[in-house]
Amino acid sequence: PLKEHKPIEHYDTENLWYDPSVLKEKLAGLEYSAILVDGPPSPNRAGLVKYWTLFNPKALWIFDDVDRKREQKLIHGISGRLRRPYTIYNAWGEGKSFGAIHAK
């Protein structure tokens, strides 16, 4: 479920995100090597900036919709926190893009 959280600096209008307590419980002990960021529906993805430590930092992180300014800001923010560069890919040459922060 989505849960309201305190505003995040530089993301003032985005205050809904998944319930971190539910994520923490579901991810405990789970092994995975990739994360697909395609939700919650925009404009509420910024919660990831606050709760990124719930996820495997060594995984491949894939971000959908980085042709949107908000999602570009998000991948840039997570990349900085992980201290790993990201790459933007143009899907099918039609302006729809996705990005990846490569696995460590």
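This is a predicted model: local features need pLDDT of at least 70, side-chain atom pairs count only at pLDDT 80 or more; totals for chains, interfaces and linings use all residues.
Stop 1: Select the four strands of the open sheet, which lie in the order β3-β4-β6-β5 with mixed pairing. At the edges you will find β3 (34–37) and β5 (86–91), each of which pairs on one side only. Turn the view and follow the twist, which averages 20° from one strand to the next.

Stop 2: To see how they line up, show the side chains of Ile 35 and, opposite, Trp 61 in β4.

**Stop 3: the cavity.** How many cavities of 30 Å³ or more does the structure hold? There is one, and the volume of the largest cavity is about 50 Å³. To find the place, select the lining: Tyr 11, Glu 14, Ser 42, Pro 43, Asn 44, Arg 45, Ala 46, Arg 70, Glu 71 and Leu 74. Colour these residues by type and you get four nonpolar, two polar and four charged.

**Stop 4: Glu 71.** From that lining, pick Glu 71, which sits in helix α3 (residues 69–82). Is Glu 71 buried or exposed? Glu 71 counts as buried because its relative accessibility is 3%, and the cut-off for buried is under 20%. Next, show its contacts beyond the neighbours within four places in sequence: Ser 42, Arg 45, Asp 64, Asp 65 and Val 66. Of these, Ser 42 and Arg 45 also belong to the cavity lining.

Key: Residues are numbered from 1 along each chain as its sequence is written. Side-chain values use heavy atoms; hydrogens and water are left out. Two strands pair if DSSP finds at least two bridges between them. Helices (H or I, at least four residues) and strands (E, at least two) are DSSP runs, numbered from the N terminus. Axes are lines fitted to C-alpha atoms, for helices over the stretch in contact, and angles run from 0 to 180 degrees between N-to-C directions. On a 1 Å grid over the protein atoms alone, a cavity is a set of points where a 1.4 Å probe fits but cannot get out, and a pocket is an open set with protein on both sides within 12 Å along at least five of seven lines; lining residues have an atom within 4 Å of a point. Grid points are joined across faces, edges and corners, and a volume is the space filled by probe spheres set on the points. Ala, Val, Leu, Ile, Met, Phe, Trp, Tyr, Cys and Pro count as nonpolar, Asp, Glu, Lys and Arg as charged, and the others, Gly among them, as polar. Buried means under 20% relative accessible area, exposed over 50%, partly exposed in between (1.4 Å probe, protein chains only). Contact means heavy atoms within 4.5 Å.
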